Structure formats: C-alpha cells, structure tokens
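Open the complex in your viewer and keep the selection panel handy. We will go from confidence to the chain contact, then to a sheet and a helix pair.

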Amino acid sequence: MSALPYYRPTGNEIEVFETAARLKLPVLLKGPTGCGKSRFVRYMASKLSRPVITVACQEDLAAADLTGRFMLEGGETVWRDGPLTRGVREGAIVYLDEVVEARSDVMTVLHPLTDDRRVLPLDRTGEELAAPDSFLIVISYNPGYQSVTRELKESTRQRFVSLSFDYPDEAVETEIVAKESGCDAATAARLVEIGRATRKLKSHGLKEGASTRLLVYAGQLVTGGLPLRQACEATLVGSLTDDQEMTRSLRELLRSVLG
Amino acid sequence: MAAPTWPPTPQDADKATLEEYGEAARAVLAAETDEEAEHALLAAFLMGRVKRQLTDGVDVGLPLEEVRRPLAGWVRMVSGLDVDIAVNDPACTDTHDIYLPRAVPAPETPEEDRLLYRCMAMVQAGFLALGLLDDKRFLAEIHADWVFRNAWHLLATRLVVRLWSERYPGLRKDFAALPLLDKAGIMRVNLSEVPRRGMPGAFRPLYDGLVRFPTDDRLPPGPTAEDSVARAALVAVDRLDLSTLPGRKGAPLVLSGQARRLREEYRRLRLGPPPLPYVAGVLRPEWILDDLARDLAYEQEWKKGNTPLRSLLKAMQQKGAGGGIQDKLKRAMRPGRVANVPDPADLVTNELQARPEEDGSRQYDEWNAERGHYVVAATRVTEEPAGSGPIESYQRIVDANRAQIDRIRRQFAALRVEERWVHGLPDGTEIDLNRAVSAMADIKAGHTPKVDWYVRFQRQRQQTAILTMVDLSGSTQGGIIYREQEALVLFSEGLRVLGFPHAFYGFSNQGPMACAWQRIKGWEEGYDETVFKRIGNLRPGGATRLGAFIRHAAWSLGSQPQQRRILMVLSDGRPEDRGQYRGSYGVKDTAMAVHEARRQDVHVHCISMDASEGAEEYLAEIFGKGRYLLLDDVDKLPTRLPEVFKGLVR
C-alpha cells in the first residue's frame with residue numbers, strides 16, 4: 001500500500017469521517033477554495049484503504065455523465081459505466097468536488113445512494129446496483145459563492161453528514177506550507193502572514209483571499225530558486241486579482257511585510 | 001539662556017506667530033492661577049484663527065481619492081481590522097472607520113504623499129488594534145481634558161509606531177522616513193496650526209522620531225531638567241512588550257498613567273496642550289461616545305456637558321468676550337442625542353402578518369428590537385402608480401445610453417438558455433438514433449464514421465421572479481434619482497431580453513401609516529408608454545421606512561408562481577423616518593424584515609449608494625455580509641445593477 005498523502009488535521013474531522021464511513025453515511029465537505037478538502041478525501045481514502053474516484057463538477061455535468069451511457073464499439077452498442085456506477089461496483093469513495101456546479105439531475109441520481117436504500121438504479125440497462133459496504137459518497141462545495149443558483153438545496157444538504165473546513169490557524173498553516181512546499185519555516189511563516197492578510201479583503205475587493213494551496217505554490221517557487229518577492233508577486237498578487245487598485249494594495253502589502 | 005515659553009513670547013516668535021498668539025501669550029503670562037492660564041491658552045487655540053483644513057485651497061498634495069481604495073485594502077490587510085477609509089481633516093477614527101484628509105498639504109509629491117497617508121492611517125489603526133479606545137470612562141476623561149488628551153495621544157502614537165515597526169519591516173522604513181517629510185510635522189492644537197519654532201523643551205521628547213524640528217539654538221542638546229518628565233514617560237512606554245498579551249493589555253494603563261503625570265507637569269509649567277503633528281491626526285472621543293449613546297453610564301457623563309468648553313465659556317464670560325462666541329460655545333455644549341425609549345403601549349407580542357385593508361393597502365407589524373416584540377400593525381403600505389411626465393425624459397436616458405443598452409442586451413441574451421435538444425455532439429446524454437444508424441452503416445461499409453451521434457437536452461434557465469425596489473426618498477434628489485432611472489432603463493432592457501417576470505417599484509413614506517409603494521412597472525404590466533413615462537419621471541420626497549417596504553415586497557414576490565425570487569433593493573441611505581425609526585431602531589427592524597423575507601425564500605440583495613460613515617456596518621447588519629454592494633460612486637449604479645443581478649443568477 002502506498003504511503004498516506006500528507007494531511008494535517010485541524011479538528012476532529014478524521015474521527016467524524018471514519019465513523020461516517022463505518023456507518024455508511026454520506027459526507028458533505030464545506031469550505032473555501034484551496035483549504036484542503038480534496039486532500040482530506042485522498043488522505044481518508046488511503047487511510048481506509050479504499051479507492052477514490054474524483055469527479056470535478058461543472059455546469060454541463062449531467063446524471064448520465066456519472067452513471068454511464070451506451071457507446072458504439074466495433075459495430076456493437078456497449079454500455080460504459082460512468083464514475084459513479086464504477087464507484088458503486090468497486091465499493092470506492094466517490095468524491096464529487098464542487099457539486100453545486102453540476103446540473104440539478106445529478107443530485108437526483110445521488111438520492112437513492114444517500115439514504116438507507118444505498119442503491120443506484122440504471123434506467124438504461126434496467127439494473128439496480130446495490131452499493132457494497134465500502135462504497136461512500138462524498139460531496140464538497142464552497143458556501144462562500146453568493147449565487148441564487150449555486151446553493152445546495154436544503155433537502156439535499158440534510159442527506160449528508162457535514163464537515164466544515166476553513167483555513168487552518170497560523171501555526172498549522174505555516175507547518176503545512178513548509179511541509180508541502182519544502183521551504184524553510186521562516187519563509188513559510190512570511191507567506192502565511194501575507195496570505196492571512198489577503199483574506200481580510202474578502203468581499204472588500206477580492207472574491208477570495210489566498211488559499212493554503214496558493215501559499216504552497218508560492219513556497220514551491222521559493223524552493224525552486226525564485227526570490228520570495230517574485231514568488232509572491234506571481235502567486236499572491238497575479239493569481240488573486242486583475243483589478244489595478246487591488247493589485248496596488250497587494251503590492252503594498254508585500255512591501256510592508258517583506259520590507 | 002532664557003527658558004522658552006509657550007506660546008512663544010514677542011521676543012522669540014516670528015511676526016506671524018506674534019500676530020496669532022501674542023495676545024494669548026501675554027494673557028498666559030499675566031494669569032494669576034494655572035487654571036486661568038490654561039483657559040487663556042484654550043481660548044487661543046479654540047477660538048483663534050482656525051486653519052480648519054490645511055488643504056482647502058487648490059494647491060494641494062495627492063488627493064485621497066486617488067489612493068483611497070488601494071489604501072483601504074492595504075490597511076485591512078496589514079492591520080487585520082475591518083475598517084474603511086473616509087474623509088476628515090485632521091485624521092481620526094470613530095473605531096469603525098479611519099478618517100483621512102481629503103488631500104495632504106502641497107506640494108504634490110506622490111511617493112511621499114502616499115507614505116504620509118499610509119502612516120496616518122496606521123497610526124489610527126494602531127489605536128484600534130491595541131484596543132486603546134475601548135474604555136468609555138477613559139474616553140470621557142480625555143474628552144474633558146485637552147492637555148491630558150494630547151499628551152496621551154503623543155505617547156500612544158509613539159507606541160503605535162513601535163508596534164507596526166516591529167511587526168513589518170516595510171512600515172519601519174515608512175515611519176523612519178517621517179522626520180524627513182516636512183508636512184508630516186505640521187503642528188496643530190485642535191484645528192489651529194501652531195509654529196514648531198519656540199516649542200517648549202518640556203514637550204519636545206514627545207515628538208521623538210515622529211517629526212524633525214527646525215534648528216533651534218536656544219535649546220541645549222541632550223537631556224535637560226525641563227524635559228525630564230516627558231523622557232521618563234517615554235521610557236515607561238518603551239518598556240511595554242508589545243509581542244506579549246500582558247504587554248498589550250498593560251498599554252492603556254501605562255499610557256494613561258504617564259499622560260496624567262505629563263498633564264500635571266504641563267499645568268505646573270503653564271504650558272497647555274502639546275500640539276499634535278499632522279501625521280498623528282486627532283482624537284475624537286465624542287464621535288466614539290456618541291455611538292454608545294444607549295449606555296446609561298455614558299449618558300450620565302454626557303449630560304454634564306462638555307467640560308473644557310464649559311470652562312472656556314466661563315473664562316470668556318469673565319473676559320467679557322463677544323456674545324457670538326459665547327453662543328457658539330453654548331451650542332457646542334449641548335448634550336448628545338438621548339436614546340429613544342419606545343412607548344410601553346407599543347409593547348405587544350404578535351405574529352407578523354400582512355393585513356389587507358379595504359382600500360387595498362396592507363398593514364405590517366414592525367420589530368422593536370429594544371423590547372424584543374413586534375409592534376402590531378405599525379405601518380401601512382399603499383400601492384399607487386408612480387408619478388408620470390413627458391416621454392422625452394425616458395427617451396433622453398435611452399439616447400444617452402444606447403451603447404450600454406446594446407451591451408446589456410447581448411449579455412442578458414447569453415444568460416438565456418433555450419430549452420432544446422442539441423444534436424451532432426461528440427459527447428452527450430443520449431444517442432441520436434438517426435446519426436447512430438448512419439455511423440453504423442459507415443462502419444459496416446468500411447468507412448470511418450463521424451463521431452457526432454450524441455444529443456444533449458439543454459434546459460431553459462430556471463424562471464426567476466425579480467422585484468426591484470428603488471429608493472425615492474427626499475435624499476435621492478439630484479444625481480442619485482437620475483442614476484436610479486438610468487439603472488432601471490438598462491436593467492429593464494436586459495430583463496426584457498431574458499424574459500423573466502419582473503416588477504419595479506419606488507418607495508418613500510410620510511410617516512409609518514403613509515408608506516407609498518409606487519408602481520413603476522407592475523408584474524402584469526408590459527412595456528408601454530405609461531411605464532416608460534414613469535421610469536423617466538421618478539420624483540423624490542419623503543423618508544425611508546425600509547422595513548415596511550421590504551415586508552411588502554416579500555409579500556408581492558410571494559404572489560408570483562416562480563420558485564426562485566429575488567428582491568433587489570436600491571437605496572441611498574440608512575432606514576430613517578420620523579419618530580423613533582432612526583439609528584439602531586430602523587436598522588434592526590429592517591434587518592428583521594430581511595430575515596422574514598428570506599424565511600419566505602426571497603433572496604434579498606441591496607445596492608447602496610450611501611456615502612456616509614458607518615454605511616458598511618449597518619448594511620452588513622441588515623443584509624448580511626456578501627449580500628449587499630456599497631457603491632463608492634453613484635455613477636456606477638446603472639452598470640453595476642445588471643452586473644450584480646447576473647452574478648446572482650449565473
């Protein structure tokens with residue numbers, strides 16, 4: 001078995017996930033972008049020794065994209081499983097990332113898998129697949145997006161055990177950035193200081209502050225030989241905004257923190 | 001060597017100084033008691049030739065507006081405080097916002113002026129970050145004593161400069177450059193500019209590191225007996241360890257203690273308040289205390305009046321000063337506003353209901369947050385057609401915005417997704433049998449088939465009912481109402497393309513029972529001349545009892561069959577009406593109305609054009625973070641309204 005991917009717990013999320021998985025309860029992960037939701041799923045899948053199938057949802061993703069469809073192969077019409085069906089057959093963890101982006105029929109196809117039936121009806125083939133005990137459905141979304149059409153319906157939300165994620169506290173985030181990027185602790189601390197400052201601008205000009213993932217990128221650039229200021233410019237300024245005034249604010253921040 | 005005096009005596013002051021302070025200087029020297037001397041000084045500073053704003057003229061440095069937005073973002077990031085930047089000269093804070101001058105003094109030197117703005121903002125932010133303005137008793141004390149206030153302010157500024165310098169290398173450079181920046185060291189007491197030459201030695205250590213003094217041969221180098229108290233105060237303040245919480249917690253105590261010692265020393269020396277350098281701004285305890293008017297302890301303090309002004313009035317009366325000044329002082333001494341206490345008869349528990357009246361109007365309960373009850377049937381909303389006028393008014397707006405209208409039409413057309421099967425796709429939800437058979441035939445015939453046999457069902461974007469309510473209160477008179485009209489024209493063009501059911505209503509009221517819900521375009525009305533005339537001829541007048549209107553809007557949206565309902569609120573100020581519907585009462589009732597609307601599955605979003613201080617705070621309380629947009633420029637409303645809407649339904 002391969003080594004566990006690095007994940008630094010910030011609360012009791014591992015315990016809750018393990019319990020939910022044991023009881024076959026579907027899990028909902030909420031949190032801002034780049035705070036470690038996807039890494040957590042990979043970590044838990046590895047820890048529980050289960051395969052994980054990740055689906056990045058987008059607005060054209062339909063139920064058939066998940067369940068499967070008939071394909072023509074060599075003159076024959078052949079059924080091909082979609083990732084959800086494959087996950088049910090294999091008893092895997094199926095992770096639907098940013099599920100609110102998908103079309104609404106996606107949520108409908110998930111419903112029989114998220115209650116005590118734990119089945120996946122396939123209308124096209126006439127099958128009804130019973131999910132094995134190891135099958136687990138995990139969805140994630142970012143509640144920070146303020147869009148009427150991008151909110152998870154109450155009825156759907158109540159089908160899941162919910163785990164809320166946020167950016168870790170300063171010390172933990174520094175540890176994560178140092179570990180993930182390979183930069184030294186002092187550099188990681190500086191990056192985290194800047195990153196946390198940018199989050200103060202959320203809804204004041206920035207849709208999101210710098211994510212932990214972005215700080216790791218900055219750290220990786222430093223480890224790769226780029227000076228700290230240039231690494232920050234490339235990640236924590238350029239990737240956060242195109243707005244000229246916000247860019248000036250962020251550059252001033254770099255000047256203040258880095259001298 | 002003669003000891004310097006403050007203000008400068010005729011012997012050591014230049015001509016301008018003598019003209020400005022000569023009389024006060026002589027009065028100080030002639031005073032029999034320390035208190036009399038202090039009154040004479042205050043009179044000179046408060047009633048003397050006031051240079052209210054150093055930047056009133058056309059010859060100014062970098063205007064704040066050019067740097068305000070990036071500066072506000074930077075301050076939020078480096079200080080960690082959720083504050084905004086507003087305009088006032090001198091710089092100060094009310095603990096919610098940081099106020100900076102509209103422009104710094106001439107000449108314009110952009111890099112240096114930016115540095116000055118940064119330092120001014122961070123001095124005020126430091127007071128907040130260290131919690132130095134949290135104690136109401138302390139604020140009342142500095143409000144009552146100008147000498148204590150300024151001494152404390154200078155010590156606190158030094159502490160704050162150290163705080164930021166220790167935390168950020170870049171800020172350390174900024175503050176280190178301040179003494180080289182002449183305009184940072186312009187000295188003021190209250191709003192009066194005072195000279196730096198002739199500054200008493202007892203004051204001078206307080207400016208250590210903040211400003212540079214002009215060459216003054218009269219002062220001996222190094223420590224003197226004269227400045228020993230100030231130096232001791234600085235040593236005590238510098239000993240505070242700001243990296244630890246105990247050090248930070250102890251800061252207010254140490255600062256107050258040392259400032260009191262200085263205050264006693266300066267009274268003994270008959271020196272009055274030490275002036276404040278431009279970069280340090282001023283303290284406005286009355287601005288902060290006014291926000292806490294509901295606090296009974298403060299009310300008791302405040303009702304006693306403004307102590308330094310009271311003392312000054314007494315001194316003026318004794319000196320036989322003119323009635324004009326005395327009247328001015330009396331006005332300044334009036335107690336602050338007293339919290340409104342609702343009538344106990346209002347305190348009835350009831351469920352919120354819209355009660356239809358025979359005339360078609362509806363009555364709504366109103367939330368009294370202080371008492372924790374609804375006031376039953378406190379408001380009446382009556383629907384009526386909005387005012388009308390010549391069609392040319394509408395046409396002019398259309399003509400002036402042709403390019404924008406075309407752009408918005410295109411953007412909204414892109415939002416509309418047709419309900420149809422899309423054929424010929426390499427990937428899709430279903431197989432197109434005809435194309436599949438054709439492909440099979442190709443395969444059987446040994447040809448390479450076209451891989452286009454999938455179809456996908458595209459559904460129309462879910463229908464959404466949108467009600468836009470437009471503030472028509474008296475305060476929208478002038479530019480705002482015109483921008484609202486423009487916004488409605490552009491938005492209506494987009495919505496017509498989109499095909500969503502929508503309505504536009506104006507709102508304003510004359511008291512709680514006369515809330516006019518002015519129909520600009522009703523749900524069932526099409527776009528005809530009547531509607532165009534209303535849009536082009538909106539008329540302002542009345543107040544903003546916003547809670548009642550939001551309840552009525554939610555009721556109106558509830559009558560629409562669409563599952564998704566959006567209420568867009570355009571307003572230019574806080575909820576306010578006659579009687580107790582102002583301040584916290586109006587805000588909390590409106591917040592409750594928004595909460596009620598959300599319970600009815602109505603998405604409420606606000607675009608505010610309120611340029612007043614504290615707007616951000618009450619908007620967040622009413623609508624919730626991320627559910628409002630505060631425009632810094634009214635002109636942006638016409639383009640931002642459709643953009644906000646697109647963001648909501650994208």
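Chain B averages a pLDDT of 79, and 78% of its residues score at least 70. This is a predicted model, in which local features need pLDDT of at least 70 and side-chain atom pairs count only at pLDDT 80 or more, while totals for chains, interfaces and linings use all residues. To make selections, count residues from 1 along each chain as its sequence is written, with chains lettered from A and ligands numbered from 1 in the order in which they are written. For the complex, the predictor gives an ipTM of 0.76 and a pTM of 0.61.

Next, select residues 291-308 of chain B, where pLDDT stays under 50. Contacts here are pairs of residues whose C-beta atoms, placed from the backbone, lie within 7 Å; this stretch has 28 of them beyond four places in sequence. Residues 331-353 of chain B also stay under 50, with 38 contacts beyond four places in sequence. Where pLDDT is low, the predicted coordinates should not be read in detail.

Now show both chains. Their contact draws 30 residues from chain B and 27 residues from chain A. On the chain B side, the elements that supply at least two residues each are helices H3 (68-79), H7 (169-177), H16 (433-444) and H22 (637-649), plus strand S18 (564-571). These are DSSP runs numbered from the N terminus: helices are H or I with at least four residues, strands E with at least two. H3(B) gives the most, with seven residues. By class, this side of chain B has 15 nonpolar residues (Ala, Val, Leu, Ile, Met, Phe, Trp, Tyr, Cys and Pro), eight charged (Asp, Glu, Lys and Arg) and seven polar (the others, Gly among them).

Stay in chain B for an open sheet of three strands, ordered S2-S4-S3 with mixed pairing; two strands pair if DSSP finds at least two bridges between them. Strands S2 (84-87) and S3 (92-93) of chain B are the edges, each pairing on one side only. H3(B) packs on this sheet, touching S2 and S4 of chain B, and its direction makes about 135 degrees with that of S2(B). Axes are lines fitted to C-alpha atoms, for helices over the stretch in contact, and angles run from 0 to 180 degrees between N-to-C directions. Pick B:Thr93 and you will find its bridge partner in S4(B), B:Ile98.

Finally, select helices H8 (residues 185-198) and H9 (residues 212-223) of chain A, whose axes come within 10 Å and cross at roughly 145 degrees. Among the contact residues are A:Leu191 of H8(A) and A:Leu215 of H9(A).

Key:
Contact = placed C-beta atoms within 7 Å. pLDDT = per-residue confidence, 0-100.
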